Amino acid sequence: MFCVRCGSSDSELYEGLCRDCFLEDYSILRIPDRIEVRVCSHCRAKFISGQWLDEGLPDEEIVYRALEDSISWDEPVENPEIELEIMQERGTIYRCLVEVDAEVLGKRLSQEYEVEVRITNTVCPTCSKQSSGYYEAVIQLRADGRELAETEIETADRVVQRTLLKLSRRDKLAYLPQRVEVKEGVDYYIGSHKSARKVVDAIREKLGGITMESPRLMGQDKSTGKGLYRTWISLRLANFRVGDFLSHHNRILAVIDLRKKGVSVRDLETREVKNILWGEYEDMDVVGRADDVKTTTVTSRSPGMIQILHPETFEPVDLEADSYTSTLDIGEQVPVIEIDKRLYIIEDEAEE
Ligand SMILES: [Zn+2]
Ligand SMILES: [Zn+2]
């Protein structure tokens, strides 16, 4: 076998050439002469190999990364050492030098490549969505069979703001382009589905309630061909609030907390606290409101019994004492609720 260029016959051939001829026009690495990097002028995200990466790096760092990312190797390069240098900077055009040192076929080679990196300022899709008021979800906050209370709206507003602020570090579409008060409640427009779900969870952690999602196909994403959905998330708060009274499976219960996991209640007879899941909402009937609570006086006690005055008729009423009422003293003022012509002494939950 002979080298097709110099005719030497004494060594192994590489693509028909001897080692020296082969290395003469060998390029240790491949890098384009010009690299363009698109960078979002709002958030500094950059467009790299087909996608926007949210890195927020300074321009020089972007240039170095762009050089690194654009280098590719061919066999049989070993132990390459690369040095990158920005030789000249003119506006957003960087003239760079890539120096490489490597072993190829047992011989040390050094090469230099000149590369121009251009940073083009543009607006990433997320920022352009933001500036156009884009949203993927609408949270419709409502209350079941009643109006929302001012305090509930204030709580929800606060939770929405706080949750979005926290999420916005990772999700640029965790933002609120619009908040609309409608007759039935409040609509929160949220940039991304993901953040809307988290916001709903956070509101439910404070106010409870039942959710229902209805996605609607809005069109098609021109770049990906995927369907574009917008989701309406209905968050319906319970008809009852903390302090109200429910009947559930023939038990009379005081509502002491509303959370995502359910309704926390105290049984007015056993004094037991338990959690009822939202799935059982339809089985919970309101039998009394916090406003219906009256105050009366303990008039006498005997083992197993306690006597109070009816808060309206002032007739003495005997009740069977339980773990809580047996600790009350004669003369003490106690809150009571009348449900189905029966009086229940209730505990002041706030004191717990
Ligand atoms: Zn040769
Ligand atoms: Zn951006």
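This is a predicted model: local features need pLDDT of at least 70, side-chain atom pairs count only at pLDDT 80 or more; totals for chains, interfaces and linings use all residues.
Which residue stands opposite L246 in β15? The answer is L253.

Start with the layout. The protein chain is divided into domain 1 (29–125), domain 2 (133–237) and domain 3 (245–351). The centres of domain 1 and domain 2, taken over C-alpha atoms, are separated by 42 Å.

Now follow strand β14, residues 245–248. Strand β15 covers residues 251–258. The two run antiparallel and are joined by 4 bridges. L246 facing L253 is a pairing between these strands. Together β14 and β15 form a hairpin, with 2 residues between them. In the turn, H249 has a positive phi of about 50 degrees.

β14 also pairs with strand β18, residues 285–288. Here 3 bridges join the strands, which again run antiparallel. S247 has D285 of β18 as its bridge partner. Next comes β15 with strand β16, residues 263–267. These strands run antiparallel too, with 5 bridges between them. V255 stands opposite V265 in β16.

Move on to strand β19, residues 294–302. One partner is strand β20, residues 305–309. The two run antiparallel, joined by 4 bridges. V298 has I308 of β20 as its bridge partner. β19 and β20 form a hairpin with 2 residues between the strands. There, G304 takes a positive phi near 80 degrees.

Another partner of β19 is strand β22, residues 333–339. They pair in the antiparallel sense over 4 bridges. T297 has Q333 as its bridge partner in β22. β20, in turn, pairs with β21 over 5 bridges, in the antiparallel sense. I306 stands opposite L319 in β21.

What order do the strands of this open sheet take? The 5 strands run β21-β20-β19-β22-β23, and the pairing is antiparallel. Which strands stand at the edges? They are β21 (316–320) and β23 (342–345). Each has a single partner strand, so one side of each is left without a neighbour in the sheet. From one strand to the next, the twist averages 45 degrees.

Finally, turn to a helix pair. Helix α4 spans residues 150–167 and helix α5 spans residues 193–207. They pack at an angle of about 140 degrees, and their axes are 9 Å apart. That makes α4 oblique to α5, because angles over 145 degrees are needed to count as roughly antiparallel. The crossing of the two helices is right-handed.

Which residues make the contact? From α4 come E152, T155, A156, V159, V160, T163, L164 and L167. From α5 come S195, K198, V199, A202, I203, K206 and L207. How do the residues of this contact divide by type? They comprise 9 nonpolar, 3 polar and 3 charged residues.

Definitions and conventions:
Residues are numbered from 1 along each chain as its sequence is written. Chains are lettered from A and ligands numbered from 1 in the order in which they are written. Axes are lines fitted to C-alpha atoms, for helices over the stretch in contact, and angles run from 0 to 180 degrees between N-to-C directions. Angles under 35 degrees count as roughly parallel, over 145 as roughly antiparallel, 65 to 115 as roughly perpendicular and the rest as oblique. A crossing is left-handed if the near helix is turned anticlockwise from the far one by less than a right angle, and right-handed if clockwise. Two residues are in contact if their C-beta atoms, placed from the backbone, lie within 7 Å. Ala, Val, Leu, Ile, Met, Phe, Trp, Tyr, Cys and Pro count as nonpolar, Asp, Glu, Lys and Arg as charged, and the others, Gly among them, as polar. Domain bounds come from an automatic or database domain assignment. Two strands pair if DSSP finds at least two bridges between them.
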